[in-house]
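Please keep the sequence and the three-dimensional view side by side while reading.

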Amino acid sequence: MSKTPPPYPPVTGYEPCAITDPELFFPERNNNFIKITETAKGLCRTCPIQLPCRSYAIGTDVEGIWGGTDEKERKQIQKTKGIEPYKLIKAFAHLLPN
């Protein structure tokens, strides 16, 4: 039996990440990284699909801020809970709706 990726969050187009600059959720590592990351996480906390978004991100190997978590936080959750993320999702991430 092969492992399947978690379902993509049920988006409506009104989520904070859909109506703000997407770059905010994929911050570059520079002097503003922490401030931008915290801003994006704050917007995630207002999102109605935060939990399914977070579950998706924990179960895959996506980059950026998803469901109010960054990559480092998700790696820790994966390690703590023994979750092996679905790796092939990176190869197809460009095909997923944003």
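Pro48 counts as exposed, because its relative accessibility is 73% and exposed means over 50% relative accessible area, buried under 20% and partly exposed in between, with a 1.4 Å probe and protein chains only. Pro48 sits in the loop between helix 2 and helix 3, and its C-alpha atom is separated by 9.4 Å from that of Pro16, 32 residues apart along the chain. Pro7, in the segment before helix 1 (16-19), also counts as exposed, at 64% relative accessibility. In sequence Pro7 and Tyr56 are 49 residues apart, yet in space they are 6.4 Å apart, C-alpha to C-alpha.

These values rest on a predicted model, in which local features need pLDDT of at least 70 and side-chain atom pairs count only at pLDDT 80 or more, whereas totals for chains, interfaces and linings use all residues. Residues are numbered from 1 along each chain as its sequence is written, and side-chain values use heavy atoms, with hydrogens and water left out.

For the protein as a whole, the secondary structure comes to five helices and zero strands, so that the order from the N terminus on reads α-α-α-α-α; helices (H or I, at least four residues) and strands (E, at least two) are DSSP runs, numbered from the N terminus. Of the 98 residues in the protein, 35% are buried. The accessible surface is about 6,800 Å², and 59% of this surface belongs to carbon and sulfur atoms; such areas come from the Shrake-Rupley method with a 1.4 Å probe, and for residues only the protein chains shown count as cover. Contact means heavy atoms within 4.5 Å, and among contacts between residues at least 6 apart in sequence, 56% join residues at least 24 apart.

Which residues does Gly64 touch, not counting residues up to four places away in sequence? They are Phe25, Phe26, Thr69, Asp70, Glu71 and Arg74. Gly64 is found in the loop between helix 3 (50-59) and helix 4, and it counts as buried, at 8% relative accessibility. Thr69 lies in the loop between helix 3 and helix 4 and, at 6% relative accessibility, counts as buried. With residues up to four places away in sequence left out, Thr69 touches Lys41, Arg54, Gly64 and Arg74.

Pro27 has its place in the loop between helix 1 and helix 2 and is buried, with a relative accessible area of 17%. Its contacts, leaving aside neighbours within four places in sequence, are with Phe33, Ile36, Thr37 and Ile65. Pro27 and Ala40 are 13 residues apart in sequence and 9.0 Å apart in space, C-alpha to C-alpha.

At the start of helix 4, a side-chain oxygen of Asp70 comes to within 3.1 Å of the backbone nitrogen of Lys72. After helix 4 comes Gly82, which has a positive phi, near 65°.

Asp70 also belongs to the lining of the second largest pocket, where Arg29, Phe33, Thr37, Asp70 and Glu71 lie nearest the centre among 13 lining residues. The elements that give two or more residues to this lining are helix 2 (33-44) and helix 4 (71-81), and helix 2 gives the most, with four residues. A pocket is here an open set of points on a 1 Å grid over the protein atoms alone, where a 1.4 Å probe fits, with protein on both sides within 12 Å along at least five of seven lines, and lining residues have an atom within 4 Å of a point. The volume of the second largest pocket is about 260 Å³. By class, its lining has five nonpolar, two polar and six charged residues, where Ala, Val, Leu, Ile, Met, Phe, Trp, Tyr, Cys and Pro count as nonpolar, Asp, Glu, Lys and Arg as charged, and the others, Gly among them, as polar.

Technical notes
Grid points are joined across faces, edges and corners, and a volume is the space filled by probe spheres set on the points. A polar contact is a pair of N or O atoms within 3.5 Å; within protein, one must be able to donate a hydrogen and the other to accept it, and residues adjacent in sequence count only if both atoms are side-chain atoms.
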